[in-house]
Amino acid sequence: MTTETIVAIEAGVMRITMNRPDKKNALTGAMYDAMTAAMEQADARDDVRAVVLEGSGGAFTAGNDLGDFLATATRGQESRAFPFIRKIATLDTPIVAAVDGVAVGVGTTLLFHCDLVYATPAAKFRMPFVDLGLLPEAGSSLLAPARFGMAKASEYILLAEAFGPQEAKDLGLVNGIVPQAELAETAMAAARKLAAKPAGALRMARQLMRGDRKDIVAAMERESAAFAKALKSPEAKAAFESFLNRAKG
Ligand code: COA
């Protein structure tokens, strides 16, 4: 565990907090590693029956840390986002997400793998992959059209338009919109309810609802290959540098 990823277990619930508020909880390789390890623990431990995923400081997450991503691509290494994405997409333990503020990139796409999602009125969702010269990930090329319909998925993935909590709720991505002061407790209460259910039946019900994971894993493999290639492209590098220079300026 690092201070940028806080993991606590209480009453059957593993609470994972992305804690890099000065960078809107943008995810570094170390944060991905910590979250992947935590989720592996969640599946392995009998005393963890549900996971809550949240961000600190009024943001869920701004997605991949673009500086870290650029450095990884320059070194020719695989982004540590991929093991995290594979883990969250195949997790057996149910997940509840608490979204306040920005949920960008993987901050939106990971929500397809959550069972319950609560958001505040300040939540803002966006999948800016194409604008960054990148591709949708975490199975979202399959799951966004399936959940939203192709017309809406095209607005959010191809036009990369942002959307708010009411739209997310209307689209079936978000369960409820709650005031910021109630967000954490709403998510924890839902997770505690899940944790109190018969664990075997809960996990199986979840698997039955989500269908064959092979389809999602195959979509993620297609996406990962295309994403890794795009990450090294001049258009992605130019988009990243443009953001990083803007941040410096
Ligand atoms: N990677 C690295 N740093 C990031 C970041 C990211 N994805 N998102 C935000 N930050 C940093 C900013 O550079 C800034 O750092 P600084 O204070 O040292 O300059 C800090 O976080 C706060 O961000 P800021 O842009 O000032 O906040 P905002 O409220 O105006 O905007 C966002 C928030 C998320 C809309 C905006 O930061 C953004 O578009 N980030 C990039 C999101 C993105 O493209 N993610 C990758 C998807 S693959």
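Guide: A salt bridge is a side-chain nitrogen of Lys or Arg within 4 Å of a carboxyl oxygen of Asp or Glu. This is a predicted model: local features need pLDDT of at least 70, side-chain atom pairs count only at pLDDT 80 or more, and totals for chains, interfaces and linings use all residues. Residues are numbered from 1 along each chain as its sequence is written, and side-chain values use heavy atoms, with hydrogens and water left out.

Visitor: What makes Arg45 and Asp47 a salt bridge?

Guide: Their side chains meet at 2.7 Å, N to O. That value is within 4 Å, so the pair qualifies. By this rule the model has 15 salt bridges. Glu4, Arg20 and Asp65 are linked in a network of them.

Visitor: Why is the Arg45–Asp47 pair also called a polar contact?

Guide: The two side chains are joined at 2.7 Å. A polar contact is a pair of N or O atoms within 3.5 Å; within protein, one must be able to donate a hydrogen and the other to accept it, and residues adjacent in sequence count only if both atoms are side-chain atoms. The 2.7 Å value is inside that limit, so this name applies too.

Visitor: Is Arg45 buried or exposed, or in between?

Guide: In between. Arg45 has a relative accessible area of 31%. Buried means under 20%, exposed over 50%, and partly exposed in between (1.4 Å probe, protein chains only). So Arg45 is partly exposed. Asp47, at 38%, is partly exposed as well.

Visitor: Where is Arg45 found?

Guide: In the loop between α1 and β3 (50-55). Helices (H or I, at least four residues) and strands (E, at least two) are DSSP runs, numbered from the N terminus.

Visitor: How do you know that Lys152 and Glu155 are about one helical turn apart?

Guide: They sit three residues apart in helix α6 (residues 150-158), which means a separation of about one turn. Lys152 is partly exposed at 27%. Glu155 is partly exposed at 26%.

Visitor: What does the pair of Glu167 and Lys152 tie together?

Guide: Their side chains meet in a salt bridge at 3.3 Å, N to O. Glu167 lies in helix α7 (residues 165-170) and Lys152 in α6, so the pair ties together parts 15 residues apart in sequence. Glu167 is partly exposed at 30%.

Visitor: Why is Lys87 called buried?

Guide: Its relative accessible area is 17%, so Lys87 falls under the 20% limit. Lys87 lies in helix α3 (residues 81-89). Leaving out residues up to four places away in sequence, Lys87 touches Thr36, Met39, Glu40 and Asp43 (contact: heavy atoms within 4.5 Å).

Visitor: How do you know that α1 reaches close to its expected span?

Guide: Helix α1 (residues 29-44) has 16 residues. The expected span is 1.5 Å times one less than the number of residues. That gives 22 Å, and α1 reaches 22 Å from its first C-alpha to its last. Its buried residues include Tyr32, Met35 and Met39.
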